[in-house]
Structure formats: structure tokens, C-alpha cells
Amino acid sequence: MTRILRFLFFGVVVRGAILLGLGLTVRHRERLPTKGPAIIAANHNSHLDTLALMSLMPLSLLPKLRPVAAADYFLSGKVRSWFARDVVGIIPLERAKVRKGADPLAALEEAFDRGEILILFPEGSRGEPEALGRFKTGVGQLAVSRPGVPVVPVYMHGFGKALPRGSSLLVPFNCTVSVGEALFGGEFDGAQSRREFMTAYEARMAALAAAETVPDWD
Amino acid sequence: MIQWLGTTFDLPQHVVVATLAVWAVLVVATGIVLVLSARGSGDYRELIDRTASWWWMIGAFTFAIAANQIVAIVFLAIISYLALKEYLSLIPTRRIDRGLLLFAYLAVPIQYLWAGIDWYNMFLVFVPVWMFLLFPALMALRGETQNFLRAVGTLSWGLMLTVFCLSHLAMLLVSGEVHNPVAGGVGLLFFVVVLAQFNDVAQYVWGKLFGRHKVTPHVSPKKTWEGLIGGVLTTVAVATFVGPYLTPMDHAWSALAGGVIGVAGFLGDINISAVKRDLGVKDAGGLIPGHGGILDRVDSLTYAAPAFFHFFRYFFTP
């Protein structure tokens, strides 16, 4: 039942709303992963980010797509929790208080073993609209521990104008999704591999961001 | 067959013939592009993208006029909406105006409603008077004065261009019905849309072949006097030929209308070029592969539609 709901939600509601309401310009769609395990690591400005990214992938991949989302936010409240878990299919991530000895990334490792594609927002929470925030290094840790899993950097622009944090008013704006070339944790084998990976990821995101000319807020 | 098509789709026979002619031109053009790209060594990617997009655009336009008048008006309204959305995405906007921008989108269905019910007086004043007065007032009530003038100016201008100017196509379709015994309102719509698009292509081809002297080197360096004059003369020639077939105008009036559409189309084109140059972007968007955004495609119509509408209304409406 929820499976059907999931397909209807993403196949009809999300795609329709994004097609008419937003209109996406996708640069290098062919760089998106076609099979798991893989990581899509994007910047985060809006709840629309996840939905837009998921709408870019073929519906047949939908069961494999798992957005990684903050447990404290998305598991609060019955309805929100059901919607986030069952319809959107998130993997909840504890971000505030991690118990000693518990690996917060263990659930993500299991997802890799199932061949799933993780959608990650290394900035953590939705940032100021259209400004790249600081990246948390968890994605680097994952990449290094799974050297063969591609990490695809994605820069998203405009979503923070259409539906910024703190607003429930969706205003139509054209949005851009720029897909970068995949990085592999295996390319970084120095002692500082995690930091090196993050530097490379940040550089790739900054380059994607620099290619956008459309204005932010005045 | 033409008679059967005409009665099946409730289209004037002359419009059916003209539509078939456009499709025939498209088939020939596609053949030429395919032969060129198969033989040539150059990069024909953009030309192929462009041609593929023409199939989609002409297909959608044919569907819209063949279905019925309401579908055609909704189709034109969607074009206005997409153009407005693209415009608002291009310009700097203030975060405080988010709600107002959502409200501004409402101007699209309302303006096309006036056209749909043929309420000419309201159609004429809704955007230039009422929206023009309403939005600055709402912005002032919000109390943010930083960049106020720029916010008011860009929004009003954008609404005029993408909603008011383009909606003349719908008004032509509806109000032209009774004034065009030859091919109805749809014949007039067909005449201005196809000629404005044809004029773009003709100016491009003439410019490519013979272009030497630039018209506006700072705004649109590829526009040349040779392209402009050759393109307009070609448009005049085609208009002279098809005008009497699709409109109540005789050869001389059709030629004049062709000139109006050709020159207005050029002005609309460089108008959007100036905006893009000001904002530092190459294309207004990425909606139509090979063409850029929707504004890049309808730029000439933003001028040609109202220019032809009022030309026709003044001389051919009692």
C-alpha cells in the first residue's frame, strides 16, 4: 500500500508540481548514478531539494533512493514521521546526541550493502537561501570507508527562493540542478584521506556554484 | 482530406492548409539538417537540437489550435506563465516580495480570462492600469524601501511584456473571429505567430549569409542590417502571399502587416537581448533545447503580437 502511495506521490504529484511549478534546468543529467550503491551529495536550501533530486531519477530506481534526513526533525510527530519514513523513504540520522559507542553512520553502511542510492546533504540543515554552508565531514568518512562507491556532487540553485526555510509559501521560480563528476573515496589514500576528500568535494561544489549566473535575493 | 480535417477539428479550411504547409516546411528543413549533419564535418549539435525543438513547438501549437478555443487560450496562458516565471527567475528580486510575486502570477489567468470572454476594455486596462497601480502600493504597504524603485520597475515591466503583450495573441484569436470571414480568429493568430517565427529564422539566415554591418553592436552583435532588411523583405513577401488567404487583408495591406510584424519582431528580439546583456546571461533559460529559454523564443512576439493586433484592429475593425 505505501509502496503504491510512494509511486503515486513521486510519479504524479512531485513530477507534476516540479514540471509546472518550478521547471528544472538540469546540467549533466547523465552523471547521475544509474545503480547503487552510490551517494548523491548536494547542497541544501529547501525541502524541495530532496523531492527535485528524486524526480530526476527514473521511477524504477525509486525503491533504491534513500534520502538521509535528521531524525530529530523528521521523526517528530506521527504524521510527519509516517510520511518521511514510508512515503519519502528516508533513512533517519541522529545528529544531536550520539550515544557513546554507537556509530551514527551504521544505518548508511547497511544501505550500501542493500545497493541503495543515498541522498545526502553534507551541509546538514537547510542553510541560508542560495549560500553554500560549511560541509560536515560525515560524507568523507563514508566515502573513505567505501572507496569504490561513487560520490556525485550536485549543486542546486533556486530552490531556496522557491521554498526557503521558514516559509510554507511555494513561489514558482526556475531552478537549476548541476551534476558534477563523481568522486571516489579510493582516490584519496593519504593519512588525511577524509580531509582531502572533503577539500576535493568542496572544490567541485564551488566550481558548480560559480557557473551559475542567476541572481539570489536582492 | 483537407475538408475532413477541417470538419473533424472544426478549423477553417484555409488554416488546415496553412498548417499542413508549415509541417511540410518543417519536414523539408529537417531533411536538409539531417543531410548537412551526415555530410558535414562541423558541429551540428545545436542545429539538430533546434530542429527537434521546432517539432515539439509546432506540434504543441497545432494541437492547441486544433483542439478548441479554450485549449488554445490555456496554451497561450501557459506560455505567458512560463515566460513570467523565467523573467522573475532572471531578475534580482527581494525576499520580502515573495508573497507578492506569487500574487503577480495570478495576473496571468485573470488577463487571459478577459481575452477569453472578449471583454476588450478590461483586457486593455487590467495590467497597464490596475496591476501597475496595485503592486507598488502593496510593496509600499510592506514598508521595505530598500531597492523599492527597482522592485516596482522590474515587476511592472515584466508583467507588461510577458502577460499583457503576449495576451494579445489570445485576444486576437477571440475578437478576430467576427472580423475575419476568410479564416476566423484562428487564422489571424496563425498569421502573426507563424510570420513572427518565420521572420526570426529569415533574419538569422540572411544575417548568416550576407551579414556585414551591425545594427546594435553592443546589444546583439550578431544582428546585421543585411539580416534585418533581408529578413523583413522575406517576411513581407510571404505575408503578401498568405495574407489574403488567412485574413481579410488584400495583398497591399498584407505586405504592410508583414512589415509591421518583421520590424516589431526585430525590436522585441533586441529588447530581450538587452535584458540578458544587462543581467550577464547568455540564454534566458534552458527550457527549449537549442533555443534557450521560453523568453528567447517568444521575444519577437512580445512586440509583434500587440503591434499586429492594434494594426489590424485600427484598420480592419469597424
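Predicted model: local features only at pLDDT ≥ 70, side-chain atom pairs only at ≥ 80, totals over all residues.
Local features here need pLDDT of at least 70 and side-chain atom pairs count only at pLDDT 80 or more, while totals for chains, interfaces and linings use all residues. Residues are numbered from 1 along each chain as its sequence is written, chains are lettered from A and ligands numbered from 1 in the order in which they are written, and side-chain values use heavy atoms, with hydrogens and water left out.

**Where the chains meet**

Let's start with the interface. Chain B brings 21 residues to the contact and chain A brings 24, with contact meaning heavy atoms within 4.5 Å. About 1900 Å² is buried between the two, and carbon and sulfur atoms give 54% of that; buried area is the accessible area (1.4 Å probe) that two parts lose on being put together, summed over both. On the chain B side, B:Ser89, B:Arg95 and B:Arg98 supply 36% of the area that chain B buries against chain A, more than any other three residues.

Between chain B and chain A there are zero salt bridges (a side-chain nitrogen of Lys or Arg within 4 Å of a carboxyl oxygen of Asp or Glu). Polar contacts do turn up: ten residue pairs across the interface, both residues at pLDDT 80 or more. Such a contact is a pair of N or O atoms within 3.5 Å; within protein, one must be able to donate a hydrogen and the other to accept it, and residues adjacent in sequence count only if both atoms are side-chain atoms.

As for elements, α4 (69–90) and α5 (98–105) of chain B each give two or more residues to the side that touches chain A. Helices (H or I, at least four residues) and strands (E, at least two) are DSSP runs, numbered from the N terminus. The largest share, six residues, comes from α4(B).

**Pockets and cavities**

On a 1 Å grid over the protein atoms alone, a cavity is a set of points where a 1.4 Å probe fits but cannot get out, and a pocket is an open set with protein on both sides within 12 Å along at least five of seven lines; lining residues have an atom within 4 Å of a point. Grid points are joined across faces, edges and corners, and a volume is the space filled by probe spheres set on the points.

The count comes to three cavities of 30 Å³ or more.

| Space | Volume | Largest share of lining |
|---|---|---|
| Second largest pocket | about 1100 Å³ | α1(A), six residues |
| Largest cavity | about 70 Å³ | α8 (148–175) of chain B, three residues |
| Second largest cavity | about 40 Å³ | α12(B), three residues |

Of the 43 residues lining the second largest pocket, A:His44, A:Val68, A:Ala69, A:Ala70 and A:Phe74 are the closest to its centre. That lining splits into 30 nonpolar, seven polar and six charged residues (Ala, Val, Leu, Ile, Met, Phe, Trp, Tyr, Cys and Pro count as nonpolar, Asp, Glu, Lys and Arg as charged, and the others, Gly among them, as polar).

The largest cavity has twelve lining residues, including B:Pro92, B:Thr93 and B:Asp97. The second largest cavity has a lining of three nonpolar, four polar and one charged, with B:His179 and B:Arg313 among them.

**A link within chain A**

The whole structure holds twelve salt bridges over all chains. In one, the side chains of A:Glu181 and A:Arg31 meet at 3.7 Å, N to O. A:Glu181 sits in the loop between β7 (175–179) and β8 (183–184) and A:Arg31 in the loop between β1 (24–27) and β2 (38–42), so the pair ties together parts of chain A that are 150 residues apart in sequence.
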